[in-house]
Amino acid sequence: MATAVSKILDHLKDGGGLQGKDIANIVAVSPATVSRWSSGKATPDLKTQTVIAELRYVVDRLADFYTPDETRLWLHARHPMLHNARAIDLINAGRTEEVLAVIEALDSGAYT
């Protein structure tokens, strides 16, 4: 039976082009741990669930502009509007609002 977390992880893989190792790096766990979450054999702690939920929201917003493969690259790339930080690092650090501000700039056409 699929859990809510496993459904989100599947969505991140399909919609965001993320691999299990990407998600593991973003939330600072091993790929094997992500695999256990995906199969429903384990559940992440609440903080990690929050990071995963934030990541899903960002991936959903990026889907308006990019393919899943492009989304994956966007998340891993350093961005001038993020002071040369990577979106995945900011999301993990609880600074998703900064990433969303850049996406909003994309939406308004202010940044390409």
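Q: Let's start with Q49: buried, partly exposed or exposed?

A: This is a predicted model, to be clear. In it, Q49 has a relative accessible area of 29%. Buried would need under 20% and exposed over 50%, so Q49 counts as partly exposed.

Q: Which helix does Q49 lie in?

A: Q49 is a residue of helix 4.

Q: And what does Q49 touch, leaving out residues up to four places away in sequence?

A: With those left out, Q49 touches V5, T43 and P44.

Q: Now helix 4 and helix 5: at what angle do their axes cross?

A: Roughly 125°, with the axes of helix 4 and helix 5 coming within 10 Å. That angle makes helix 4 oblique to helix 5.

Q: Which hand is the crossing of helix 4 and helix 5, left or right?

A: Helix 4 passes helix 5 in a right-handed crossing. Helix 4 brings L55, V58, V59 and L62 to the contact, while helix 5 brings T71, W74 and L75.

Q: How many residues of the contact of helix 4 with helix 5 are charged?

A: None are charged; six are nonpolar and one is polar.

Q: Let's talk about the core. Which residues touch the most other members of the largest nonpolar core?

A: L12, W74, L75 and V99 do, in a core of 30 residues. Helices 1, 2, 3, 4, 5, 6 and 7 each supply at least two of its residues.

Q: Which helix gives the largest share of this core?

A: Helix 4 does, with six residues.

Q: Back to L75. What does L75 touch, not counting residues up to four places away in sequence?

A: L75 touches L18, L55, V58, V59, L62, R86, A87, I88 and I91 on that count.

Q: Changing topic: backbone angles. What is phi of A28?

A: It's near 60°, a positive value in a residue other than glycine. A28 lies in the loop between helix 2 and helix 3, and at 61% relative accessibility A28 counts as exposed.

Q: And phi of H83?

A: Phi of H83 is near 55°, also positive in a residue other than glycine. You'll find H83 in the loop between strand 1 (78-79) and strand 2 (85-86). H83 counts as exposed because its relative accessibility is 70%.

Q: Last one: is D14 buried or exposed?

A: D14 is exposed, at 62% relative accessibility. It is found in helix 1. D14 and K41 are 21 Å apart, C-alpha to C-alpha, and 27 residues apart in sequence.

Methods:
Residues numbered from 1 in each chain as written. Predicted model: local features only at pLDDT ≥ 70, side-chain atom pairs only at ≥ 80, totals over all residues. Heavy atoms only, no water. Core = buried A, V, L, I, M, F, W, Y, C linked by side-chain atoms within 4.5 Å. Buried < 20%, exposed > 50% of the residue type's maximum accessible area, 1.4 Å probe, protein only. Helix = DSSP H or I, 4+ residues; strand = E, 2+ residues; numbered from the N terminus. Contact = heavy atoms within 4.5 Å. Axes fitted to C-alpha atoms, helices over the stretch in contact; angles between N-to-C directions. Parallel < 35°, antiparallel > 145°, perpendicular 65-115°, else oblique. Left-handed = near helix turned anticlockwise from the far one by under 90°. Nonpolar A, V, L, I, M, F, W, Y, C, P; charged D, E, K, R; others polar.
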